[in-house]
Amino acid sequence: MKKLKNVLKLLVGGFLLVGMFVACEGPEGPQGPQGDPGDPGPGSVVNWEGYKEGIKCADCHNPDVDTVYYVWGRRTQWLTSKHAAGGAYFENSSTCAPCHTTEGFIQSYLGQTVTDHAISSPIGCFACHSPHSRADFSLRTTDPVTMLAGVEGESDFVFDYGKGNLCSSCHKPRSISPKPDPTKTADTDTITITSSRWYQHYGVQGLMLAGSNGFEFDGYTYSNSFHTNSDVIKDEGCVICHMAEEARNPAGGHTMWLESEEGELLTGCNLTGCHGGNLEELDYEGVQTEIHGLLDSLHTLLLDREWITASGSVNASSSNPLKIAPAYLSGAMYNYYFVEHDLSFGVHNTRYARQLLESAIEVLTIE
């Protein structure tokens with residue numbers, strides 16, 4: 001009996017103790033601040049912005065038709081673009097992914113270490129926009145872009161063309177080594193090139209528009225076309241022409257093409273403040289024809305000197321370096337690739353493209 005009483009005492013005491021703690025707890029307080037999300041782990045692409053409060057999914061994901069952003073119509077345009085169909089997203093190693101893949105671009109934008117992406121997607125909607133976190137299709141960034149100078153002694157250029165800054169996040173040059181040097185004019189000055197890709201890659205459009213980064217030979221004059229300082233282009237950048245839209249024309253919009261089966265898209269070109277309705281073709285006053293001819297002439301001179309191959313690559317490798325003396329003459333080859341890789345054939349900056357090629361041709365003809 002005594003043992004039973006002791007057991008009962010322990011049970012009653014335990015219940016009282018639990019009750020006391022429960023009574024002291026009181027109602028649940030307000031939730032504390034959100035803690036740090038922690039390390040997402042190597043290679044992760046995480047957008048901690050999340051979904052914006054109050055976002056209306058049906059504005060875009062409409063079972064009938066989206067008349068707010070025309071997401072599906074723009075996606076249909078994008079599917080014919082070079083971004084979607086060009087195959088560049090297979091260049092998905094860590095050094096290429098920031099501009100060739102959506103995954104790498106977002107990593108770079110978020111300040112993360114860019115990693116390899118064996119499974120990658122083309123530059124698409126979510127590279128340029130973040131609609132779920134912003135509840136709209138505003139651009140991820142329009143911050144000015146610093147572009148690497150390719151010529152020795154020149155400073156890096158800060159590109160600031162409004163919405164075009166997003167485009168130029170990738171349409172900018174990469175580094176080059178060794179850089180061509182305008183001061184190396186002595187017969188004993190030699191530049192040694194060991195790469196068949198001795199140029200600033202293919203994204204030179206931003207600097208061609210801005211009229212910077214070409215190799216400017218001493219004694220020659222270089223200037224820019226109207227496009228470089230146009231108020232309209234400075235505000236809208238690339239989109240003013242490449243993303244204009246016109247009924248019954250499959251170019252423009254998110255295709256970003258200026259030519260289609262239906263002809264050329266000149267809507268953006270003919271805006272007030274630009275050509276004002278007077279432009280009838282992209283080959284304005286024969287500029288594209290002229291630049292093609294100058295490129296062909298310079299190409300022939302470079303072939304004759306065996307500086308480039310018939311396929312268009314630099315005739316150099318680590319085992320068979322190309323040596324050019326005086327070193328400054330390499331600027332002619334540099335200008336060839338700069339204008340050729342711009343792909344507009346003078347439209348972006350007629351005067352600058354023409355002058356870069358004409359001076360290169362004259363220098364190689366004289367020397």
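Among the elements of the predicted model, α2 contributes the most to the lining of the second largest pocket, with three residues; helices here are DSSP runs of H or I of at least four residues, numbered from the N terminus. The elements that give two or more residues to this lining are α2 (71–78), α6 (125–128) and α7 (131–134). In total 19 residues line the pocket, with C60, H61, P131, H132 and F137 lying nearest its centre. A pocket is an open set of points on a 1 Å grid over the protein atoms alone, where a 1.4 Å probe fits, with protein on both sides within 12 Å along at least five of seven lines, and lining residues have an atom within 4 Å of a point. By class, the lining comprises twelve nonpolar, three polar and four charged residues.

Because this is a predicted model, local features need pLDDT of at least 70 and side-chain atom pairs count only at pLDDT 80 or more, whereas totals for chains, interfaces and linings use all residues. Residues are numbered from 1 along each chain as its sequence is written, and side-chain values use heavy atoms, with hydrogens and water left out.

Helix α14 (residues 330–342) packs with helix α15 (residues 350–366) at an angle of about 150°, their axes being 9 Å apart. The two helices are therefore roughly antiparallel, a description applied to angles over 145 degrees. In this contact (heavy atoms within 4.5 Å), A332, N335, Y336, F338 and V339 of α14 meet Y352, A353, L356, L357, S359, A360 and L364 of α15. These residues divide into ten nonpolar, two polar and no charged.

Key:
Ala, Val, Leu, Ile, Met, Phe, Trp, Tyr, Cys and Pro count as nonpolar, Asp, Glu, Lys and Arg as charged, and the others, Gly among them, as polar. Axes are lines fitted to C-alpha atoms, for helices over the stretch in contact, and angles run from 0 to 180 degrees between N-to-C directions. Angles under 35 degrees count as roughly parallel, over 145 as roughly antiparallel, 65 to 115 as roughly perpendicular and the rest as oblique.
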